[in-house]
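Here are my notes on the model you sent. Please read them with the structure open.

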Amino acid sequence: MANGISPDFLEELKRKNDIVDVASKYITLNRRGANYWACCPFHNEKTPSFSIKQDGQFFKCFGCGESGNVITFVMKMENVDFLTAVELLCKNVGLEMPSEADNDEMRKRKRERERMYAVLKSTTEFYHNNLINHPNTPQAKYLSNRGINKNMIDKFQIGISLNYDDLIKYLTKQGFTPQEMISAGVAGRNDKNLYDFYGGRVMFPIFNGFGDVVAFSGRSVEANPDRTKYKNTSQTPIFNKSEILFGYNFVRDLKKEHSLDTIVIVEGHIDVIMCHQSGITNTIGCMGTALTAQHANNIKRLVDNVILCLDGDNAGASATYKAINTLKEVGLNVKVLRLTDAKDPDEYLKKFGKDAFYELLSNAQDCIDFVLIDSSKKYNMNSNNDKTSYLNEALNYISKFSTPAEQEVYLSLVQKIVKIPIDALRNSLRMQSSEDKHIKKEPDREIELGNNQALIQSKIALLASILYKKYTNIDEIAGIFTADDELSELYKFFVERIKENKEFNSSTLFDNFEITNNSLIDQVINYKFPSDDVYDNFVKETINTVKIYELTQEKDDLTKQMLAIQDIDKQRELLKKIGQLDKELIRRKSGNR
């Protein structure tokens, strides 16, 4: 069983979810020869090194090393666990999700998650109905005063909490337990009772990429300095704020409709909502938290271009700098829009209208231009020390985030700011780049291959031949795979599948083994065979290589035994065996097999 699901079901699921069809919903694939290629969605690259082998139903990136089958691909793209990925693939082809009855722990975890989603769904409906049915409350008037219309209230499922008791009574009638409410983050407990964690607030549901509510952000409307303005759901099994972006589910839908090439990133919930209300539906919000690498990777899966439009205060400026670094690290093209006549997009839209905001977006500034100009304002260019500090900061950005052609443009900008000859700046940049290249990187993990590389490579070749149905005489090589290692485990797996008359391919291995980049099994999957016209001879040579190694080992062992004993007769007996091994070695090495 793989995570409580039978191998037979997983094979059926993968047969019906061709990896090329599934992957093409996320990335643009181009066929070259027998394989499909794309720029890897899991790391930053400009030249495609991400390959999908359709006949083996697996993917491999030759840049970052990520590999797997269609289930693994969905897990990584959607940032979900194994069971959720299986469930998504089931829905994709109309299969019923199997029961996890054989795995009590897995069934329990799935049940808890399902109940959590159900609590949040019921809570969202309750809050939303409160707003519809109580339009004259302070919370409802707050939304009206902010200019949020009915369409946006429905689209974002905005609601209100009227007090601390009604939600608890409602959820109890729905059959939810106090612990389920607390675990979902909608209830708290004091000395006496359970209470609505968001009592009296305007409620903004937070959706995951599939449109399921996973958390809430509650906004107080009271003029009370002792009352926290925003109250947010803490981390739960289904909510991690370092992964979720407000409005991401809507831009994900735009991507499915093939009408998305740029995402606008703003700060608050209201900013996102008002942008959507103005027709700028490619807007998402970071909800006042710093953009994380996971956020950036999620965005990169949808688009290559982003426009940052964070608040114009000092905190917003600092967040912009950090966000630029994070977004550029994953290879996104970043532009910056800094508002000077309003503190945030919401205020700007109210003051100047959507056409003016569209104009600003269309003229957003290249992020490195922004950094070079904005950071210069911190320094006194009449001070040599300040000028040197600025140059170090500027050249670091240029070196880190631009191509050689772009560097000339950015250096020209820096030259205008510092009034230093362009050649001097070029030399400084070359020195900076040289230092970056010589920063010691951590060595790649070395694979334990034993003392005989040829033996290991021969075993890999034979297992690859079995995997790709080029070689079927498994009994002939049974004696080769006797060691306690992962290649022997793989051989045993093949034997079992063949004896049970069960199909297997590269995709099957990812459900049964932990396969890391360049591990031995990874090398089996990605083995490069010689041409068909020399393959038969290649197999014979490979088996012969292994036999020679085994004979040599046996000869060495017998020689050690002979030297360790005093009995003449036993020495002669061992010497005779060694002689026979020598003859066999000579015969094999000469090519007479």
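1. A convention comes first: a crossing is left-handed if the near helix is turned anticlockwise from the far one by less than a right angle, and right-handed if clockwise. By that rule, α16 and α18 cross in the right-handed sense. Helices here are DSSP runs of H or I with at least four residues, strands are runs of E with at least two, and both are numbered from the N terminus.

2. On provenance, this is a predicted model, in which local features need pLDDT of at least 70, side-chain atom pairs count only at pLDDT 80 or more, and totals for chains, interfaces and linings use all residues. Residues are numbered from 1 along each chain as its sequence is written, and side-chain values use heavy atoms, with hydrogens and water left out.

3. Helix α16 covers residues 367-376 and helix α18 residues 404-418; their axes come within 10 Å and cross at roughly 15°. The two helices are therefore roughly parallel (angles under 35 degrees count as roughly parallel, over 145 as roughly antiparallel, 65 to 115 as roughly perpendicular and the rest as oblique). Axes are lines fitted to C-alpha atoms, for helices over the stretch in contact, and angles run from 0 to 180 degrees between N-to-C directions.

4. Which residues of α16 and α18 meet? From α16 they are I368, D369, L372, I373 and S376, and from α18 they are Y410, L413, V414 and I417. Contact means heavy atoms within 4.5 Å. Seven of the residues in this contact are nonpolar, one is polar and one is charged. In this scheme Ala, Val, Leu, Ile, Met, Phe, Trp, Tyr, Cys and Pro count as nonpolar, Asp, Glu, Lys and Arg as charged, and the others, Gly among them, as polar.

5. Helix α16 also packs with helix α17 (residues 384-401): the axes come within 10 Å and cross at roughly 175°. This pair is therefore roughly antiparallel. On the α16 side the contact uses I368, V371, L372, S375 and S376, and on the α17 side Y390, E393, A394, Y397, I398 and F401. The classes are eight nonpolar, two polar and one charged.

6. D369 belongs to helix α16. Is D369 buried, exposed or partly exposed? Its relative accessibility is 24%, so D369 counts as partly exposed (buried means under 20% relative accessible area, exposed over 50%, partly exposed in between, with a 1.4 Å probe and protein chains only). Leaving aside residues up to four places away in sequence, D369 touches Y410 and L413.

7. Helix α8 spans residues 166-173, and L167, I168 and L171 in it are buried. Viewed down the axis of α8, the buried residues fall within an arc of 100°, so they line one face of the helix; the arc is that of the directions from the helix axis to the C-beta atoms. K169 and K173 are exposed, on the face of α8 turned away from its buried side. Just after α8, G175 has a positive phi of about 95°.

8. N501 lies in the loop between α21 (486-499) and α22 (506-512) and counts as exposed at 72% relative accessibility.
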